[in-house]
Amino acid sequence: MSAGVRGEAHRVRGFQPGDVAQMEEIARSAPEAAGWTRNAFKSMEMAGERGWVIETESRVTGFVVVRVVLSEAEILNLAIEAPQRRSGQASRLLEEVLITLRRAGVQRIFLEVRASNAAAIAFYQRHGFAEIGRRPGYYRDPDEAALCMKKILTG
């Protein structure tokens with residue numbers, strides 16, 4: 001466990017089925033996150049996806065979901081609850097997951113982010129992700145391009 005920016009104890013751990021309700025609530029309150037339903041979170045493991053959560057004082061305050069295929073991974077969803085944003089939790093969560101994936105032999109990790117989401121793009125760039133392309137019309141409500149990003153985990 002480590003002390004957070006606001007003096008609270010944070011812990012990153014693997015997803016557990018009991019986390020689903022809190023993860024769904026966080027996703028619902030984060031319009032920039034993928035709008036997953038409770039069933040989407042419940043079926044993660046069947047779909048070959050792995051999840052991690054960050055807890056603040058034993059309460060889930062953020063999550064990340066990743067799909068791993070051989071030596072590549074893709075971040076499918078990442079969100080931190082609104083009151084905890086800009087506290088360093090997203091960085092801590094992402095850094096722990098990247099270490100875990102690197103140890104598991106993942107060499108490259110990808111993601112898509114709304115082209116207008118400047119804060120998320122800057123966040124991922126600070127963590128070593130680089131733009132590799134765009135997907136026009138990838139997002140809906142509103143229609144928008146996705147910025148595709150990649151990070152090399154080896155070396």
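This is a predicted model: local features need pLDDT of at least 70, side-chain atom pairs count only at pLDDT 80 or more; totals for chains, interfaces and linings use all residues.
**Exercise 1. The overall fold**

Task: State how many helices and strands the protein chain has, and give their pattern along the sequence.

Solution: 
- Step 1. Count the elements. The protein chain has four helices and eight strands.
- Step 2. Read along the sequence. The pattern is β-β-α-α-β-β-β-α-β-α-β-β.
- Step 3. Check burial. The chain has 155 residues, and 45% of them count as buried.

**Exercise 2. Helix α1**

Task: Find the buried residues of helix α1 and say where they sit around the axis.

Solution: 
- Step 1. Locate the helix. Helix α1 spans residues 20-28.
- Step 2. List its buried residues. They are V20, M23, E24, I26 and A27.
- Step 3. Recall the helix geometry. An α-helix has 3.6 residues a turn, so residues three or four places apart point the same way.
- Step 4. N77 is 50 residues from A27 along the chain, and their C-alpha atoms are separated by 8.7 Å.

**Exercise 3. Helix α4**

Task: Describe the buried and the exposed face of helix α4, and name what covers the buried residues.

Solution: 
- Step 1. Locate the helix. Helix α4 covers residues 118-126.
- Step 2. List the buried residues. They are A120, I121, F123 and Y124.
- Step 3. Look down the axis. These residues fall within an arc of 160°, so they line one face of α4.
- Step 4. Turn to the face pointing away from the buried side. Here sit the exposed residues A118 and R126.
- Step 5. Name the cover. The buried residues of α4 are covered by elements including β5 (72-80), α3 (89-103), β6 and β8.
- Step 6. Look past the helix. G128 follows α4 and has a positive phi, near 90°.

**Exercise 4. Salt bridges**

Task: Work out which parts of the chain are tied together by the pairs E55 with R11 and E144 with R114.

Solution: 
- Step 1. Get the total. The whole structure holds 12 salt bridges.
- Step 2. Side chains of opposite charge can pair when their charged atoms come close.
- Step 3. Take E55 and R11. Their closest N and O atoms are 2.9 Å apart.
- Step 4. Check accessibility. E55 is buried at 9%. R11 is partly exposed at 35%.
- Step 5. Take E144 and R114. The N to O distance of this salt bridge is 3.0 Å.
- Step 6. E144 belongs to strand β8 (residues 144-152) and R114 to strand β6 (residues 108-114), so parts 30 residues apart in sequence are tied together.
- Step 7. Check accessibility again. Both E144 and R114 are buried.
- Step 8. E131 is partly exposed, with a relative accessible area of 44%.
- Step 9. Look for shared partners. These join R11, R13, D19 and E55 into one network of salt bridges.

**Exercise 5. The second largest pocket**

Task: Describe the volume and the lining of the second largest pocket.

Solution: 
- Step 1. Give the volume. The second largest pocket has about 170 Å³.
- Step 2. Find its lining. There are 13 lining residues, and the closest to the centre are E72, A73, E74, F110 and E112.
- Step 3. Name the elements. Those giving two or more residues to this lining are β4 (59-69), β5, β6, β7 (130-139) and β8.
- Step 4. Sort the lining by class. Eight residues are nonpolar, none are polar and five are charged.

**Exercise 6. L153**

Task: Decide whether L153 is buried or exposed, and list what L153 touches.

Solution: 
- Step 1. Locate the residue. L153 lies in the segment after β8.
- Step 2. Read its accessibility. The relative accessible area is 1%, so L153 is buried.
- Step 3. List the contacts. Leaving out residues up to four places away in sequence, L153 touches L98, L101, R102, V106, Q107 and I109.
- Step 4. Compare chain and space. I99 is 54 residues from L153 along the chain, and their C-alpha atoms are separated by 8.6 Å.

Note on methods: Residues are numbered from 1 along each chain as its sequence is written. Side-chain values use heavy atoms; hydrogens and water are left out. A salt bridge is a side-chain nitrogen of Lys or Arg within 4 Å of a carboxyl oxygen of Asp or Glu. Buried means under 20% relative accessible area, exposed over 50%, partly exposed in between (1.4 Å probe, protein chains only). The arc is that of the directions from the helix axis to the C-beta atoms. Contact means heavy atoms within 4.5 Å. On a 1 Å grid over the protein atoms alone, a cavity is a set of points where a 1.4 Å probe fits but cannot get out, and a pocket is an open set with protein on both sides within 12 Å along at least five of seven lines; lining residues have an atom within 4 Å of a point. Grid points are joined across faces, edges and corners, and a volume is the space filled by probe spheres set on the points. Ala, Val, Leu, Ile, Met, Phe, Trp, Tyr, Cys and Pro count as nonpolar, Asp, Glu, Lys and Arg as charged, and the others, Gly among them, as polar.
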